[in-house]
Amino acid sequence: MPDLFSPLQLGPATLPNRLVMAPLTRNRAGRDGVPTAMMAEYYAQRASAGLIISEATCISPQGVGYPLTPGIWNGAQVGGWAPITQAVHARGGHIYCQLWHVGRISHPSLQPDGALPVAPSAVKPEGEAYTYEGMQPFVTPRALAIEEIPGIVEQYRVAAKNAAAAGFDGVEVHAANGYLLDEFLRDGSNRRTDAYGGSVENRARLLLEVLDAVCAVWGSHRVGVRLSPIQPFNDMRDSDPETTFSRVVELLNPLNLAYLHVTRLGMDAPGAAGPYFDLTRLRRLWQGIYMTNHGYDRASAMAAVAQGEADLVAFGTLFLANPDLVERLRRDAPLNSPDPSTFYGGDERGYTDYPFLDG
Ligand code: 8OZ
């Protein structure tokens with residue numbers, strides 16, 4: 001039986017272990033979305049992960065929803081990512097780029113020409129946007145016209161090509177956590193009556209079109225996808241998440257993707273948005289490599305892999321605070337504690353200065 005520390009073949013790459021660095025928004029890019037030098041140091045420090053998934057990376061100016069998040073839509077951004085992928089590769093690591101369009105989780109002050117954020121439907125999320133001017137209430141987004149959908153797919157295609165130019169090993173399509181593709185999947189945010197709304201097949205249509213475009217660039221064996229079926233943040237809900245996401249997984253199976261990444265985010269907030277369901281059903285439906293995430297420690301991650309609950313386990317806060325997480329878990333060594341005050345934005349403190357076991 002494989003264990004957490006045994007290798008795994010992922011497309012053309014042999015991952016040395018099954019620990020994945022989860023995508024983590026850290027807000028240390030430039031205002032122009034260009035990655036910074038400290039980001040290269042941060043990712044290189046964590047290159048012993050079996051796989052690194054980059055922080056969510058904006059595919060277009062319209063896809064931006066937070067300050068100081070990196071982009072992958074222009075040459076300067078590609079030029080900023082290249083030394084990062086090189087530094088990770090120099091240390092024997094593998095890194096995928098997470099492709100991100102925030103949809104309605106934005107604000108006119110972050111959009112080109114102060115435009116309204118776009119979404120499947122004009123449904124305003126509860127809550128506030130993080131802007132350069134502080135927290136501001138979300139606005140009612142503009143529903144995408146059906147004629148605009150090919151342009152969205154094109155944004156993903158160009159970003160996927162740029163990710164290849166930047167030297168990534170593959171891409172993860174971010175279809176989780178209340179951003180554009182997830183807004184299409186769940187019926188709380190998708191009220192469309194055209195071919196992109198209503199049935200699960202229709203709500204999944206944009207995701208499938210995006211995956212087709214991205215797979216045409218990369219080959220399906222270097223493309224992963226992330227889902228968050230029970231995650232209530234960003235005012236997300238679905239009237240029947242078990243049916244919705246079971247069907248989505250069935251629709252994804254024929255694509256032969258590198259992996260399916262399902263976060264359990266939301267499992268610790270039962271009752272907040274519900275209804276909840278047992279995500280292991282998705283693992284059983286999925287015919288490829290399955291990555292789980294959220295709330296794992298050493299023992300539960302080891303058990304998850306040993307018992308076949310997952311092939312890969314993605315760690316967020318533990319990887320953030322422990323650059324050598326793989327070695328620490330291998331040795332069952334003590335862990336550094338994460339400092340939430342430095343998660344989002346700031347300098348090297350709480351970013352590249354978490355200590356290694358061996359100094
Ligand atoms: C935390 C803060 C901002 C963005 C996600 C990209 O939830 C994010 C995110 C997380 O997927």
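Let's start at the ligand. Around it sit Thr25, Ala56, Tyr66, Trp100, His174, Asn177, Tyr179 and Tyr344, each with a heavy atom within 4 Å of it. This is a predicted model: local features need pLDDT of at least 70, side-chain atom pairs count only at pLDDT 80 or more, and totals for chains, interfaces and linings use all residues. Numbering runs from 1 along each chain as its sequence is written, and side-chain values use heavy atoms, with hydrogens and water left out.

Now the shell by class. Five residues are nonpolar, three are polar and none is charged. Here Ala, Val, Leu, Ile, Met, Phe, Trp, Tyr, Cys and Pro count as nonpolar, Asp, Glu, Lys and Arg as charged, and the others, Gly among them, as polar.

Next, two distances. His174 places a polar side-chain atom 2.8 Å from a ligand oxygen. Asn177 also has a polar side-chain atom 2.8 Å from an oxygen atom of the ligand. On its own, the ligand has 300 Å² of accessible area, and the protein covers 77% of that (Shrake-Rupley method, 1.4 Å probe).

Where does the ligand sit? It takes the space of the largest pocket, with more than half of its atoms within 2 Å of the grid points. A pocket here is an open set of points on a 1 Å grid over the protein atoms alone, where a 1.4 Å probe fits, with protein on both sides within 12 Å along at least five of seven lines; lining residues have an atom within 4 Å of a point.

That pocket holds about 1100 Å³, the space filled by probe spheres set on the points. It has 40 lining residues, and Leu24, Thr25, Asn177, Leu265 and Tyr344 are closest to its centre. By class, 22 are nonpolar, 15 polar and three charged.

Last, the second largest pocket. Its space is about 200 Å³. It has 14 lining residues, with Arg31, Pro61, Val64, Trp73 and Leu110 nearest the centre. Eight are nonpolar, four polar and two charged.

Key
Polar contact = N/O pair within 3.5 Å; in protein donor to acceptor, adjacent residues only side chain to side chain.
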